[in-house]
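Let's take a walk through a protein model together. Have the sequence and the 3D view open as you read.

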Amino acid sequence: MNNVRTIQETVVRFAPGKDHDSLMHKPGYAGKPFSRVDANLKVKGEALFSADFKVENPAFAALVYSTITKGRITTIDTSEAASSSGVLAVITHENAPKIPTPPVFDPTGESKGTAASDSPVLQDNRIYRDSQPIAIVIAATLDQAEYAGTLVKVDYETEIATVSFAACKPEAVTPSDVLGEEPEVKIGNAGTAFSEAEATTDNIYRTPRYNHNAIEPHATIAVWNEDDSLLVYDPPQNLYGVKHTLAILFGLAPEKVRVVSPFVGGGFGGKGTLWDNTMLCVIAAKTVKRPIKLVISRAGVFRLAGGRTLSEQRVALGAKKDGRLTALIHSGITAMSKHNNFPEQFTFPARHLYSPKNIFAGQKVVKLDTIANTFMRAPGESIGAFALELAMDELAYSLKMDPIELRRINEPKTDPAKNTAFSSRHLIEAYTLGAEKFNWQKRHAEPRGQRDGKWLVGQGVATAYYPVLRLPATAGIRINADGTAFVKAAAHEMGMGTATVQIQHAAEKLGLPLDKVSFQYGDSDLPESPIAGGSNQTVSIVASVTAAAEKIHKELLALAGRNADSPLSNLTYEQIEARNNGLFSKTDAPEGETYMSILKHAGKDHIKVNASSEMPTELKQYSMHSYGAQFCEVRVNEETGETRVSRWLGSFDCGIILNPKTAISQFRGGIIMGIGMALTEETLFDERKGRIMNPSLAEYHIPVNLDVPYIDIIYNNIPDAHTPIGAHGIGEIGITGVAAAIANAVFNATGKRVRDLPITLDKLL
Amino acid sequence: MRENIEQPEALVDVTGLPFTQIEELSNGSIYIGATVKNTEVANHRIIRERYPVLAQAILSGASGQIRNMATVGGNLLQRTRCYYFYDEAAGCNKRHANSGCDAIDGFNRIHAILGASDACIATHPSDMCVALAALDARVCVEGKNGAREIAFNDFHRLPGNTPQIETDLQADELIMAIEIPQTEFVANSLYRKVRDRSSYAFALVSIAAALEIQNGKIVNIRIALGSVAHKPWRAFEAERALIGAAATKENFSRAADQELKQAKGFAHNMFKIELAKRTIVSALNNLAESGGAR
């Protein structure tokens, strides 16, 4: 890619005041609530997830996990397992093929690595953490493999492991960077301003470890072809990342690796990086020269794929008596493993949300002998907003001020940390619309002001916040002589409606009816798309499809121009638009030609192009974020402390919404996950062994239907002039602010301020 | 077995045995065969009318799918939900004799506050059994040496030094049925389950209670607590304290304190003592209001 050229194009295209996308103000199909194109397949159980693929002559693998935390394997006896019925092979560090250290995920994208951790996979006798895979058992059936796994006998020499967050806190260090950004931001002198403030709050907030619990466990089928190429069915959020990482690990040219994943049964970040299971499955297939299926058990997912780090955060706010913030300090500590670099960016909201002249936002980490922590829906922003938005509520209460009013008077005009203009920020509109629909003015400002029998009732509000991200992407378009079009991108469908929304956009861009357009995705042989993470995928692909549509339209115009009879032969690209199945004059309705006609006259049965979107330089020029206001009502049982959420309204400011049906569903999903984060979910990590004690859906409590009220969603639908089609990604913002809104509502109901998640009943007795 | 805790050499399928009846015996007791499904018990007209606490207890447990499959006999023999019991890497005297108890100094939020031992602080997870304990049910078992009946309160054991032995059932015995004696006042009964989410969760504290008041005095009372001990915990102390007393909040509270005097909490479950007290008082208040008086 010619970076200089693409940067120049970007500057022109996304320049202020320039309407870079003709669809922004007339979105057509985009913006309509179409049902998912894969709804039928999913309802009928016909959608193929990675473990569903049929391959010839598969064998099944099961994993054996370490039961010590740190040390080395002194002996591993696989003889009984190997001679157990149906067993084909038992692979340990003693006989595994040699592979290099996995290249870890690199937020800059410079390295092609996407591994979650650089700890070696079955390469030596060292144990780096609890539940590290130490053997793969391969058998003719899954039952045989799992049973034989129980027969592997291991002796260890244990070493003292570092797993206690509390013990390590004094030695916490400042990381080199936080997702490529500075670990500390200092504006003015927050300490002095805080000490001189007329009103203050200063508290410690804690969030526990969490795990994703996507319904589909990590599951892989690996097939080595006769030409030594590798085919992997795997549910990643990063097809190209997996492709490149496997190519590096197994010494293959990237084009020799194909990763296929038409559907991902939920990711939430848990499939955003490559975990050991995929590598182990490929190792197993290489060893027995047979296709291998490796489906990780529910407990195995907890043991093998990391979750969200715990955090301990301080938020100190200083303000004038009128509520104007003068100081904002947000600091704290998270935990990583010794083999990754992901200090959740919990101080990011504090860098962009409010307007004090003095800000300190800085974070530290401790490094433990544990599995790598990883992205989990709105990593950083969700736990950071919990602390910050609770603190705002505490300040509002101490000032006897409405918490929405406190936010209104601290609304910044420009980004406080970047000192740039906002590309689009309508947070206060979201609050205003939300407050009206939620009937916020009926709330009692004083706690314990409302009750229904034994239930104390309260309302709370908090800001939702998530950055806008766009990454360079490539898309292909093929238009066929029968008037149909294929749009191609190695995109990921994790349930959010990727294919549906891309078809809506592409159909509009190509001037075709929806049913003439299909979207091919979920395959690393397709044009390169970025990771489905950071809520970037939809807009990133929209940008690449826009580039491809422009390219194919120019080529079609040139093709039509060869035919002197074509009405298009006298028109330039600037004079045409796509509509009515072809290209037509922007001014003269009938002047133009359909794609079928152009291709027929040119004697072609199709035309196809690939094109890439520009580098996202707009992200440097502007402060680009999504916002929202979360309103909730809770009921707390005065006798038992049980908390139930009884009402919810999410009011969002996320550019224009491409498909209300799939978008509202995704906002709701985020809010439900936030209810879990606030009230029920917690990974029980036993610090004596560094081991998770509740690795099951029975004991790790995600909310059930009864815990979730009707969730009302509204959005102000104001396009962002600096994003593709005016839209923002919305996958993550839904969870942000939820836990704070609930904690604030619990305070309003009970007068108790719970600053440690989850808010379980024992904290309210 | 899926958790690799039990490794039996052979399995005998008893689900086909003909203990599928719910019937009223001539002495007024209700007989429930050991292989009757939980759902059927909960939906049975007589159970709903005369023993509402039992129907409520069953319906607050597990999921619809599990209740459709689970049998009465099987429910009695449920294993604890202790995290360490299910973990092959943990010390657990119940799983491996003399391997220690990692729960005592570990995560013990869901563990026992009554009747625990240094060997084990696990709790019994059943909801149904809490109701059966309150109802003075009898467990009918049969073995090589003939048939016998076990009072429900004697069926499950406290852990002592042998937490791996959970019931009085002998190795050659099979549960044939449950019998619930005729007790009219238990028509005024309820089951209350306090838990961390609204459904699909085991109790933190549960209570099965029944109450009869005559002339302002309590004449009959049953209280059993769930998820506080290695067995459904019949609160005899509290019952004794309340017989003949007025049905007031103060008396309920005092009786709960009396029962919980012997309670002992651990690092994460101290709150269960206060929660148990509040749950007892709340349940008895409800029963007093809902028709305990005649």
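## Before we start

This is a predicted model: local features need pLDDT of at least 70 and side-chain atom pairs count only at pLDDT 80 or more, while totals for chains, interfaces and linings use all residues. Residues are numbered from 1 along each chain as its sequence is written, chains are lettered from A and ligands numbered from 1 in the order in which they are written, and side-chain values use heavy atoms, with hydrogens and water left out.

## Where chain B meets chain A

Let's begin with the contact, where contact means heavy atoms within 4.5 Å. Chain B puts in 32 residues and chain A puts in 33 residues. The size of an interface is often given as the accessible area lost when the parts come together. Here chain B and chain A bury about 2,800 Å² between them, and 51% of that is on carbon and sulfur atoms. (Buried area is the accessible area, taken with a 1.4 Å probe, that two parts lose on being put together, summed over both.)

What about charged partners? There are five salt bridges between chain B and chain A; a salt bridge is a side-chain nitrogen of Lys or Arg within 4 Å of a carboxyl oxygen of Asp or Glu. R2(B) and E146(A) are joined by a salt bridge, at 3.2 Å from N to O. On the chain B side, strand 6 (189-194) and helix 10 (271-289) each supply at least two of the residues that touch chain A. Helices (H or I, at least four residues) and strands (E, at least two) are DSSP runs, numbered from the N terminus. Helix 10 of chain B gives the most to this side, with six residues. Sorted by type, the side of chain B that touches chain A has 12 nonpolar, seven polar and 13 charged residues. (Ala, Val, Leu, Ile, Met, Phe, Trp, Tyr, Cys and Pro count as nonpolar, Asp, Glu, Lys and Arg as charged, and the others, Gly among them, as polar.)

## Helix 9 of chain B

Helix 9 of chain B covers residues 249-260, so 12 residues, and reaches 16 Å from its first C-alpha to its last, close to the 16 Å expected at 1.5 Å a residue. (The expected span is 1.5 Å times one less than the number of residues.)

Which residues of helix 9 of chain B are buried? They are N251(B), F252(B), S253(B), A255(B), A256(B), E259(B) and L260(B). Buried means under 20% relative accessible area, exposed over 50%, and partly exposed in between (1.4 Å probe, protein chains only). These buried residues pack against strand 7 (205-214), strand 8 (217-226), strand 9 (233-234), helix 8 (236-242) and helix 10 of chain B.

## Salt bridges around the structure

Over all chains, the structure holds 53 salt bridges. One of them pairs E312(A) with R206(A), at 3.3 Å from N to O. This pair links distant parts of the chain: E312(A) is in strand 13 (residues 311-319) of chain A and R206(A) in strand 8 (residues 199-207) of chain A, 106 residues apart. E312(A) is buried at 16% relative accessible area, whereas R206(A) is partly exposed at 35%.

E577(A) and R579(A) also form a salt bridge, their closest N and O atoms being 2.7 Å apart. Here E577(A) is partly exposed at 22% and R579(A) is buried at 19%. In chain B, E24(B) and R50(B) meet in a salt bridge at 3.0 Å, N to O.
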